[in-house]
Amino acid sequence: MNDYTTALCPKSAICELFQDKILQGPEKDNVYKMIYCSTGRYKDCVRYQTYRKTGTCPDFIMPNSKHARDYILKKVEEEATLPLKGLNQ
Ligand code: SF4
């Protein structure tokens, strides 16, 4: 059941989507904040669930993402193992 009571997502301080670092345009255009970040529906947010499980979340994951959990975890793992640019050059 959708919980639209007012609540701030506990991951808002670290979430790049909430911090306006992912989507272009004015902050007011980020409807995800109205639907998920500032209501009890943050618990349904795929980004929130990914942050809880891994401590991070790829930028392409949106709150209503339909990607399979295994796919998301694979992408998190890939990002964590990317070689650092500038090293060994
Ligand atoms: S609800 Fe989702 S998008 Fe919003 S701050 Fe939390 S993790 Fe980020």
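Modeller: Start with helices. The expected span of a helix is 1.5 Å times one less than its number of residues. Helices (H or I, at least four residues) and strands (E, at least two) are DSSP runs, numbered from the N terminus. Now the case here: α3 has 12 residues and reaches 17 Å from its first C-alpha to its last, close to the 16 Å expected.

Biologist: What should I know about the model and its numbering?

Modeller: This is a predicted model: local features need pLDDT of at least 70, side-chain atom pairs count only at pLDDT 80 or more, and totals for chains, interfaces and linings use all residues. Residues are numbered from 1 along each chain as its sequence is written.

Biologist: What average pLDDT does the chain have?

Modeller: pLDDT is the predictor's confidence in each residue, from 0 to 100. The chain averages 92, and 93% of the residues score at least 70.

Biologist: How many helices and strands are in the chain?

Modeller: Three helices and zero strands. Along the sequence, the pattern reads α-α-α. The C-alpha trace spans about 50 × 30 × 20 Å along its principal axes.

Biologist: How much of the chain counts as buried?

Modeller: Count neighbours. A residue is buried if 20 or more other C-beta atoms lie within 10 Å of its own, exposed if 12 or fewer, and partly exposed in between; C-beta atoms are placed from the backbone. Here 22% of the 89 residues count as buried. Helix α3 is hardly covered, with one buried residue among its 12.

Biologist: Which residues make up the largest nonpolar core?

Modeller: In soluble globular proteins, nonpolar side chains tend to be buried together. A nonpolar core is a set of buried Ala, Val, Leu, Ile, Met, Phe, Trp, Tyr and Cys residues joined through C-beta atoms within 7 Å. The largest one has 10 residues: C9, C15, L17, F18, Y32, Y36, C37, Y42, C45 and Y48. Helix α1 gives the most to this core, with three residues.

Biologist: Which residues come nearest to the ligand?

Modeller: A residue is near a molecule or strand if its C-beta atom, placed from the backbone, lies within 6 Å of it. There are 15 residues around the ligand, and C9, C15, F18, C37 and C45 come nearest. The elements giving two or more residues to this shell are α1 (31-37) and α2 (46-54).

Biologist: What classes of residue form that shell?

Modeller: Ala, Val, Leu, Ile, Met, Phe, Trp, Tyr, Cys and Pro count as nonpolar, Asp, Glu, Lys and Arg as charged, and the others, Gly among them, as polar. The shell has 12 nonpolar, one polar and two charged residues.

Biologist: What does F18 touch?

Modeller: Two residues are in contact if their C-beta atoms, placed from the backbone, lie within 7 Å. Leaving out residues up to four places away in sequence, F18 touches C9, S12, K33 and C37.

Biologist: Where is S38 found?

Modeller: S38 sits in the loop between α1 and α2. S38 and C9 are 29 residues apart along the chain, yet their C-alpha atoms are separated by 6.3 Å.

Biologist: Is H67 buried or partly exposed?

Modeller: H67 counts as partly exposed because it has 16 C-beta neighbours inside 10 Å. H67 lies in the loop between α2 and α3.
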